[in-house]
Amino acid sequence: MTSSKPSSRQGLVMLTSKKYNVLIADPGDHAHYSELAKQFPLVITQTGEEAKKAVLDQSQYFSAAFLHPILTKPGLIQTISLLRKHRPVTPLYVLFDEDPPFSQTELYRLAVIESIQKPLTLPILKNKISVQALCYEIPEQPLAPPNTDDPSFIPVAISDLLNGTPSFCDIFVHLPSGRKVKVLEAQDTLIPERALTYLSKGVPYFYIKRDIQKRLLSYCDLLWNTLILKPDVSFEIKVSETLNQGQSVVELIHAKGLDNENLESVSKFLMNVSVLVTNFKLDQQKTVQTILSNLQAYDHAIATTMVASLLAKPLRIESQKASETIGLASFLHDIALYKLSSNAQTHDISIMREDERKSYYEHPIAGADIVSKFEDIDPMVVQAI
């Protein structure tokens, strides 16, 4: 088993190997993981964005993924969903500091093997992942999965099943006749040598039933939208997931503009912000700091909305209509900037050209005009913008 030395820069560390790697997504303990990587092949990421890049890199093979609950852009549940969409059979573990983020039922429905308390050590890695599997050379295989006439199945790379971990679902092989034959029952473990036999015969993909993947993705969506209401989920995770929800809405508006569909998504985000602010104690400095310390990683609209909501409580702005007005105005106050140049979006006048500066000064009027076209938005929101 060979690996190169980790990069000295903070953030994404790629340890190249012709064999397997383990994906780590954790914003903390970078020095610890870098030391661990000298003894175990790791891909270390510190943000959801870096983890997403690694998951989508089809040249990387992962024996398992270990995710911390506090990730940014995307958050934990979105990253789980991403893995289940692009690497549905990769073994998945959730790390935690003090309390497990999910119940056993939730872990099962997410197809997460278990929650593991930090620190993640070499003995734990060796216990959870077949070291024997890590020593196998993965034969060259096509990046694009083969076409199949059966829409009820989806291909999964056999290389994702070399880990020696029980599979959460039935595994099938595609015969030349077109039939699918089950080669592994759910909860059974595929012996790595058996998987390599298929690979050596030019069979790079097994199959799982599409309904399994659909069920996993649907539950991720459900959990993502209801996490804020779960009493046993930590405040830190609720803050993280709420901010990531807001970021997803901002990116949606950037891509498609403001319409009735993503306006509904804005309302869901604002409802979650309201639940957060309503159900925590502002006199606890640690709690407020938890929110404020996370804001710099997200879009300005999210930070403005969160700060405005924090201020509304001590100012005794308590009516639902007033809260909705403040929330919408805060979130949409820069809506017109999304169509302008990147220079204008920085709010830094010193780097703008004259035409960019003019558009920047006029963006509140342009934003109010955009929002005024929606009949369901209170005119007070337009006035506030």
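This is a predicted model: local features need pLDDT of at least 70, side-chain atom pairs count only at pLDDT 80 or more; totals for chains, interfaces and linings use all residues.
Local features need pLDDT of at least 70 and side-chain atom pairs count only at pLDDT 80 or more, while totals for chains, interfaces and linings use all residues. Residues are numbered from 1 along each chain as its sequence is written, and side-chain values use heavy atoms, with hydrogens and water left out.

**Helix pair**
- Helix α3 (residues 76-86) packs against helix α8 (residues 210-226) at an angle of about 170 degrees, the axes being 10 Å apart; axes are lines fitted to C-alpha atoms, for helices over the stretch in contact, and angles run from 0 to 180 degrees between N-to-C directions.
- α3 and α8 are therefore roughly antiparallel (angles over 145 degrees).
- On the α3 side, the residues in contact (heavy atoms within 4.5 Å) are Ile77, Gln78, Ile80, Ser81, Arg84 and Lys85; they meet Gln213, Leu216, Leu217, Cys220, Leu223 and Trp224 in α8.

**Largest pocket**
- The volume of the largest pocket is about 710 Å³.
- Of its 27 lining residues, Leu270, Ser274, Gln320, Ser323 and Glu324 lie nearest the centre.
- Helices α10 (260-278), α12 (300-312) and α13 (320-332) each supply at least two lining residues, and α10 gives the largest share, 9 residues.

**Met380**
- Met380 is located in helix α16 (residues 379-384).
- Its relative accessibility is 45%, so Met380 counts as partly exposed (buried is under 20%, exposed over 50%, partly exposed in between, with a 1.4 Å probe and protein chains only).
- Met380 and Ala329 are 51 residues apart along the chain, and their C-alpha atoms are separated by 8.5 Å.

Conventions
Helices (H or I, at least four residues) and strands (E, at least two) are DSSP runs, numbered from the N terminus. Angles under 35 degrees count as roughly parallel, over 145 as roughly antiparallel, 65 to 115 as roughly perpendicular and the rest as oblique. On a 1 Å grid over the protein atoms alone, a cavity is a set of points where a 1.4 Å probe fits but cannot get out, and a pocket is an open set with protein on both sides within 12 Å along at least five of seven lines; lining residues have an atom within 4 Å of a point. Grid points are joined across faces, edges and corners, and a volume is the space filled by probe spheres set on the points.
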